[in-house]
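Have the structure open while you read.

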Amino acid sequence: MRLCELEEKEVINACDCKRLGFVADLIIEECTGRIEALIVPKSGKLCGFFCDGEEYVIPYACVKKIGPDIILVEIHEKNGKPR
């Protein structure tokens, strides 16, 4: 799978069924080339414009399923912030 294919999939938190947005970037471990995290800008942002820099950094271990249209992640949030 290519990054451009991941960018087309919507990220949804399976814990509360909240739509988080679309993948904007990845954090990749340099030595092994493994994906460490997905970066998703917080909702309400238009392609990174008018953005205050807030984003979800979702560890790849939290990714539960990558489907044809969505990426299901499991993030337990407490008071609106990931734990």
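Glu-10 counts as buried, with a relative accessibility of 15%; buried means under 20% relative accessible area, exposed over 50%, and partly exposed in between (1.4 Å probe, protein chains only). Its salt-bridge partner is Arg-19, with the closest N and O atoms 3.3 Å apart. Arg-19, at 58%, counts as exposed. A salt bridge here is a side-chain nitrogen of Lys or Arg within 4 Å of a carboxyl oxygen of Asp or Glu.

Some ground rules: this is a predicted model, where local features need pLDDT of at least 70, side-chain atom pairs count only at pLDDT 80 or more, and totals for chains, interfaces and linings use all residues. Residues are numbered from 1 along each chain as its sequence is written, and side-chain values use heavy atoms, with hydrogens and water left out.

How many salt bridges does a search of the whole structure find? It finds two. The other pair to look at is Glu-54 and Lys-42, whose side chains meet at 3.6 Å, N to O. Both residues lie in the loop between β4 and β5, so the pair ties together parts that are twelve residues apart in sequence. Strands such as these are DSSP runs (E, at least two residues), numbered from the N terminus. Glu-54 is partly exposed at 39%, and Lys-42 is partly exposed too, at 23%.

Now for the strands, which pair if DSSP finds at least two bridges between them.

| Strands | Sense | Bridges |
|---|---|---|
| β3 and β4 | antiparallel | four |
| β4 and β5 | antiparallel | five |
| β6 and β7 | antiparallel | three |

Strand β3 covers residues 25-28, and Asp-25 has Ile-39 of β4 as its bridge partner. These two strands make a hairpin with six residues between them, and Gly-33 in the turn has a positive phi of about 80°.

Cys-17 sits in the loop between β1 (10-13) and β2. Its phi is near 60°, a positive value in a residue other than glycine. Most residues other than glycine have a negative phi. Cys-17 counts as exposed, at 62% relative accessibility.

Inside, the largest nonpolar core has 13 residues, and those with the most contacts within it are Val-11, Leu-20, Leu-38, Ile-58, Ile-71 and Val-73. β4 (35-41), β5 (55-59) and β7 (70-73) each supply at least two residues of this core. Such a core is a set of buried Ala, Val, Leu, Ile, Met, Phe, Trp, Tyr and Cys residues joined through side-chain atoms within 4.5 Å.

Lastly, Tyr-60, in the loop between β5 and β6 (63-66), is partly exposed at 34% relative accessible area.
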